[in-house]
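Student: I've got a structure open on my screen and I'd like to learn how to read its charged contacts. Could you walk me through it?

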Amino acid sequence: MDPSIQPARNHPNWALYQKEQFLLSQAGAHPLFNTHPAALERQAEESLSKGGWLYASCNAGVSWTHRANREAFYRQRIVPRMCVDTTARDTSIELFGKKLNAPICFAPIGINKIYHPQGELNSAKVAGELGLPYMLSTAGSQPIEDVGAANGADGIRYFQLYCPHDEELEDSLLKRAWESGFDVWSVRAPLYLRGPVMTLDTWQLAWRHDDIASSNYAFYRGIGAEIGLSDPVFRRRIAEAGLDPDRAEDMPKIGEKWIDNVWHGKAHTWDKIPKLVKKWKALTDGRPFLLKGIQHPADALKALECGCDGVVVSNHAGRQVDGAVGSLDVLPEIVDAVGDKGVVLFDSGVRTGADIFKALALGAKAVCVGRMYIYGMAIAGETGVRHVMKSLLADFDILMETAGVSKISDIDRSHLKYIPHGGSSGRTGVWM
């Protein structure tokens, strides 16, 4: 690529990262690591403790839903168009009135400290640098306030809430997120709630064989309760229980008490949603609220009926209900049902630039990426997250160029052909 003939953009030219990697050879060097999904997974496993690797890679049951996610992408094939001037490309989009440099979000992933000591601070910082939204999980392992600071003053950050059964604690978490600048630039931002009944979300952990076989639950060992330990309501709760975070022997019980408030086993019903939407909008002067975990058009419409401003089509990357449909398979019908009445984001199984293209073509406004950046973090911390995400952005930018698309709004279903038969296997196929 000759940078001198590239038109100016109003956002980074992601494709130039390819040239940067090739130019390393002139200094006798090469990229930090291979970002092919299969190679990335292998390198992450080598870098992590057994517990860290199992928690990152485990899926519900025997991983059929995880496989369904990948095979859904395999069945959708891109149809490139020729002789289209794609030299000048624009990967930016507008979401809730604010510009994103690409239609990619950092998905909420819990307890990042088991992957790297700085945990969520790594990914929040990189997301801020790249101009992409960062989503913090309630199960995160750094205080909300610290993650907001790492993301930067201009960072685009959302808070993803697991509703505690303790409503006072729920209110405290919402207030902290709001006051910590979890917003879209200068305007307060949407809250992301994991789904209620009839969705594939996490008030109860699924049966994950490898984690269970090794009793691999870091919270029960006193690791990962930082959001709780920095919360005034939760601090009061543990004091009432006679627990002291300054006593090392109390930390396993404190971790247990925290995560049992987050993933408590008590299902939410649709009755909960309008109340929570009303609470959030009152706190934030009417900012949007999205429901995450939707897999059926009727649930998407119910979410809108309850006052939500959109949905995230997600099956928790295959980690909650085994034997379920692939998220990409249900995306088109949910998009059609929602129409222009709300925003549809996509999550579950995204690994490549081609995956992003396909989800956008089927109607998603933006996609969420999770395990990829976590694997990069496991290998090389902040540097690893940056390398993975810049590589993914370059992959997507270059794919737009070679597929014959110059801007995001031009990506639609006419660019795909559905192949109903055949699965994927081996190096080209079902990546974790």
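**Reading salt bridges and exposure**

Tutor: Let's start in helix 11 (residues 251-262), where Glu256 and Lys253 sit three residues apart, about one turn of the helix. Helices here (H or I, at least four residues) are DSSP runs, numbered from the N terminus. This is a predicted model, in which local features need pLDDT of at least 70 and side-chain atom pairs count only at pLDDT 80 or more, while totals for chains, interfaces and linings use all residues. Residues are numbered from 1 along each chain as its sequence is written, and side-chain values use heavy atoms, with hydrogens and water left out.

Student: What links the side chains of Glu256 and Lys253?

Tutor: First the general idea: a salt bridge is a side-chain nitrogen of Lys or Arg within 4 Å of a carboxyl oxygen of Asp or Glu. Glu256 and Lys253 meet in one, at 3.3 Å from N to O.

Student: How many salt bridges does that rule give?

Tutor: The count comes to 28. One of the pairs is Lys279 with Asp171, whose closest N and O atoms are 2.6 Å apart. That pair links distant parts of the chain: Lys279 belongs to helix 12 (residues 272-284) and Asp171 to helix 7 (residues 167-179), 108 residues apart.

Student: And which residue does Glu179 pair with?

Tutor: Glu179 forms a salt bridge with Lys175, and the closest N and O atoms are 2.7 Å apart. Both are in helix 7, and because they are four residues apart, about one helical turn separates them.

Student: Now for accessibility. Is Glu179 buried or exposed?

Tutor: Here's the scale: buried means under 20% relative accessible area, exposed over 50%, and partly exposed in between (1.4 Å probe, protein chains only). Glu179 has 53% relative accessibility, so it counts as exposed.

Student: Why do Lys279 and Glu256 count as partly exposed?

Tutor: Lys279 counts as partly exposed because its relative accessibility is 22%. For Glu256 the relative accessible area is 26%, so that residue is partly exposed too. Asp171, the partner of Lys279, is partly exposed at 34%.

Technical notes: Helix = DSSP H or I, 4+ residues; strand = E, 2+ residues; numbered from the N terminus.
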